[in-house]
Amino acid sequence: MDKLFIPEVQGHLRRSRAVVALTHSSTKAAMAMLLAAVIALIVANTAAHEGFLEFFHMEVVLGVGPLVGEMSLAHIINDIFMAIFFLLVGLEIKYEMTVGELTNIRQAALPIIAACGGVLAPIVIYSIFNGMNPETSHGWGVPTATDIAFALGIMALLGDHVPNGIRVFLSTLAVADDIIAILVIAIFYGQSPSVFWLVMTALVMVVLVLMNRAHVYSLAPYLLVGILLWFCVFSSGVHSTIAGVLLAFTIPSGSRVNLRTFLKWSGERVQQAAGQFDANTPIMAQDDYMKTVKHLSKVANEVIPPATRLEHALYPWVYFGVLPLFALTNADVALVGNDIMTMLSSPVLYGVFFGLLLGKPIGIVLFSWLTVKFKIADLPSHCNWMHMLGAGILGGVGFTMAIFVANLAFPDPVLVADAKLGILSASLVAGIVGFIFLYIQAERAKKQGLSFGEAKDMIDPQSEAPFRESAEADEEIQEEAEAAEAADVEGISK
C-alpha cells in the first residue's frame, strides 16, 4: 500500500497508522480509563478535591433560543456524553443482532443465558446484605453490569494464550449484559415518567423509523433528529442515555449502493480515469480526471453502511474521551477525612463487592453449565471449564456501567461513595485474579504442547465486533481493493 503514496509522505503515513492503531485498541482504551480513575482517586484524597468538585459542578448555559437551560459539567458528561457512549453500545448490539453472534440463536444461547446468570446471582448476593434495608435495597442493579472495555482489554493482554472461542464468548456475553443493563436502567432507575414526553419520544421514534423505511442513508438527518429524541427522553423521566440506544436501532445497517452492479461500475470508472490521466500534466489541471475519481470515491464511501461508518467514527472519541472523562468525574472516592470504619461496615460496600467478585463468576459458570448439561449449546471451541471460570471472573469487572447505575440508584452521596468503593475494589481484584487465572491455564496448555493459533483462525474475526481492531481490518480491505484496482489497470494496459 505504501507504493500508492509519494516518498515524502511515508513518515506521515506511519505516524497516522500508529495513531489509528492506538485509538482502536481495546487494551489502550482500558488503560486510558484506568489512568483517569487513578487520577480521580488521587485527587479525591488531596486538598485539590474541593476545587475539583467545584469545577465539574460549574453550571454551563446550553441551548438555542427559547430552549435554553443550565447544566453542570458533571451532568453534561453523565447525561449527554454518556448518551453518545450508549449510541455506540447500541450500534455494537445492532451489529451482533444483524450479522454477529446474536443472529444464530443456538450459537448465542450460551453467552446469553450465561449473561442472565451473571445478573441474577449478583442480585441474590446483594440482597443477602441489603434485602431488608429499604434505604439500600434499591441498589441491587449496581453489581449486575460488566464493563466491556475493561474485561476485553484485560483478556487482550493475554494475546494468543487463550482460545479465541473464549474471547468471542466474553464479548457476546458483555453485549448481552449491556442489553440487560439498558433495560434495568430504563425500567427501574428512571424518574416517574411524564406521559406527554413519552408520547413525544414515541412520535420522534416514528419519524426515525419512517426515515429508515424511506431509505434515508445520510447520517446527518438521523443525528439532528437524534438530538430532539435525546431532549424528549431527558424530559420524560427515563434516563436520557437510553436515547442513544433507541437512535442506534434506527440507523440503517445496509448500503444505498447496489453492490451487485458496483464492481462493474467502479471498474468502468477506473478505466475512464485511466484514459483521462496525463502523467505530463499537473493534477490540478486535469479536471475530467479529478471529477471521475471524486465521483468514484464518493460512491465507494457510500458502500459502507451508515451504522458502520458512525460506529468507526465514534469509537476513538468514546473510548479515549467520553469514558475517561466519566471515570475522572465518577471514580473520586474520598477516603481521607471520612470515617473509614463506617464505610467498611456498609452493607452496600459488601453487597456490591461480593456481588461482582463472587456473584458474576458463580452465575456465569452455573448457567453455562446448565446450558451445556441440557444440551442447549456447546462449550466454545478449544475451551474448557477453567477457561469459562476465568471469563466469569473477568465478568466481575464492573467499573463504568456499575458506577453509572450506582449514581442512579442512590440519592445519598454517602451510599454512592460506598458503592463506588465496592465497585473499584471488586473490579481491581476481579481483573487481577481473572488475568492470573487465565494465564495459568495458558501456561498449562503450553506445557501440554497445545496451541490456540489455529483455533483463532477458525473464528470469524467480525464476531468480536464490539472491540475489533478496525485499523487492521480497514487495512486489509484497502489492500484487497488495491489488488482489484491493480488488476483492472493491468487489463486496461493490455
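**Exercise 1. Find out whether Lys420 is buried or exposed, then find its charged partner.**

Step 1. Lys420 has a relative accessible area of 8%, so it is buried. Here buried means under 20% relative accessible area, exposed means over 50%, and partly exposed is in between (1.4 Å probe, protein chains only).

Before going on, a word on the model: it is predicted, so local features need pLDDT of at least 70 and side-chain atom pairs count only at pLDDT 80 or more, while totals for chains, interfaces and linings use all residues. Residues are numbered from 1 along each chain as its sequence is written, and side-chain values use heavy atoms, with hydrogens and water left out.

Step 2. The side chain of Lys420 forms a salt bridge with that of Asp332, at 3.6 Å from N to O. The term salt bridge stands for a side-chain nitrogen of Lys or Arg within 4 Å of a carboxyl oxygen of Asp or Glu.

Step 3. Helices (H or I, at least four residues) and strands (E, at least two) are DSSP runs, numbered from the N terminus.

Step 4. Asp332 is buried too, with a relative accessible area of 13%.

**Exercise 2. How many salt bridges does a search of the whole structure find? Locate the other pairs.**

Step 1. The search finds three salt bridges. Side chains of opposite charge can pair when their charged atoms come close.

Step 2. Asp177 and Lys360 meet at 2.7 Å, N to O. This pair links distant parts of the chain, with Asp177 in helix α7 (residues 164-188) and Lys360 in helix α15 (residues 347-373), 183 residues apart. Asp177 is buried at 1% relative accessible area, and Lys360 is buried at 0%.

Step 3. Glu302 and Arg256 meet at 3.9 Å, N to O. Glu302 is in helix α12 (residues 287-303) and Arg256 is in the loop between α10 (242-250) and α11 (259-276), 46 residues apart. Glu302 is partly exposed at 21%, and Arg256 is partly exposed at 42%.

**Exercise 3. Which residues have the most contacts inside the largest nonpolar core?**

Step 1. A nonpolar core is a set of buried Ala, Val, Leu, Ile, Met, Phe, Trp, Tyr and Cys residues joined through side-chain atoms within 4.5 Å.

Step 2. The largest core has 119 residues, and those with the most contacts inside it are Phe85, Phe86, Val142, Phe169, Leu208, Tyr319 and Phe410. Helix α4 gives the largest share of this core, 13 residues.

Step 3. Take Phe86 as an example. Leaving out residues up to four places away in sequence, Phe86 touches Ile182, Ile185, Thr241, Gly244, Val245, Met401 and Phe404. A contact means heavy atoms within 4.5 Å.

**Exercise 4. Why is α10 largely enclosed by the rest of the structure?**

Step 1. Seven of the nine residues of α10 are buried, so this helix is largely enclosed.

Step 2. The buried residues are Ile242, Ala243, Gly244, Val245, Leu247, Ala248 and Thr250. They pack against α4, α7, α8 (195-213) and α9.
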